[in-house]
Amino acid sequence: MTETVTIPTLSGTEEFTAYVARPTERPKAAILVIQEIFGVNAGIRRKCDKLAEEGYLAIAPDLFWRLEPGVQLDPDVEPEFQRALDLMGRFNQDQGIRDIEATIHHIRREESVPKVGCVGYCLGGRLAFMTAARTDIDASVGYYGVGIDGLLGEKHAIANPLMLHIPTEDGFVDKNTQKAMHDGLDDHPKVTLHDYEGLDHGFATEFGKRRSEDAAQLADSRTAEFFARHLG
């Protein structure tokens, strides 16, 4: 079952929407799905639906709501890709983390699901790292997160498990950035990094030209095992 819910901000003065996919029985845990720069589009909704099929309550908050509510863009359409880049440039990431925290509170309070994880893609992969460092999320996964080298100063605040999927030929994350991530995180007791040789950004998208089927299935199987271990 899917629906759109309304979630109050941490201040309680405003609210935003989120796409929700529910399992057929009581959820074993909840997973917050953090959007790419393309909004809560068909691919992100499909990620939620698949998690619900696995028994999780899955929620994807509309993090661009302050800029433009309801953004749904296709990365394979060039004008929409450029529009997504513009939205990312104007997006306040610190405010986005506060909306993610508000979503975590909503899940625990309104849905009565105590264990909450998150998985994010692209911009969402970066936000998953920030969520791990800045909230009490129980487990976090980031796919091809951008600019994480600039966030390594926050790594000591990561108290719960975090997994990062890193394609080695990511056009948005160069080799020096990848090295900095490994140098900064390989010895962190709560962080696991997986490299995907020869793959580019977006390899685990649900739809479109960027998907690499074998690698997506491998990464998703690792994610599934990670969540089963830490949210079960």
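Trainee: Is Cys122 buried or exposed?
Mentor: Cys122 is buried, with a relative accessible area of 7%. Buried means under 20% relative accessible area, exposed over 50%, and partly exposed in between (1.4 Å probe, protein chains only). This is a predicted model, where local features need pLDDT of at least 70, side-chain atom pairs count only at pLDDT 80 or more, and totals for chains, interfaces and linings use all residues. Residues are numbered from 1 along each chain as its sequence is written, and side-chain values use heavy atoms, with hydrogens and water left out.

Trainee: How many disulfides are there?
Mentor: The count is zero, where a disulfide is a pair of cysteine sulfur atoms within 2.5 Å. Cys118 is in no disulfide, as the nearest cysteine sulfur, in Cys48, is 12 Å away.

Trainee: Is Cys118 buried or exposed?
Mentor: Buried, at 0% relative accessibility.

Trainee: New topic. Where is Phe227?
Mentor: Phe227 lies in helix H6; helices (H or I, at least four residues) and strands (E, at least two) are DSSP runs, numbered from the N terminus. Phe227 counts as buried, at 2% relative accessibility.

Trainee: What separates the C-alpha atoms of Phe227 and Val40?
Mentor: They are 22 Å apart, and the two residues are 187 residues apart along the chain.

Trainee: Where is Glu197?
Mentor: In the loop between strand E8 (191-196) and helix H6 (213-231). Glu197 is exposed, with a relative accessible area of 64%.
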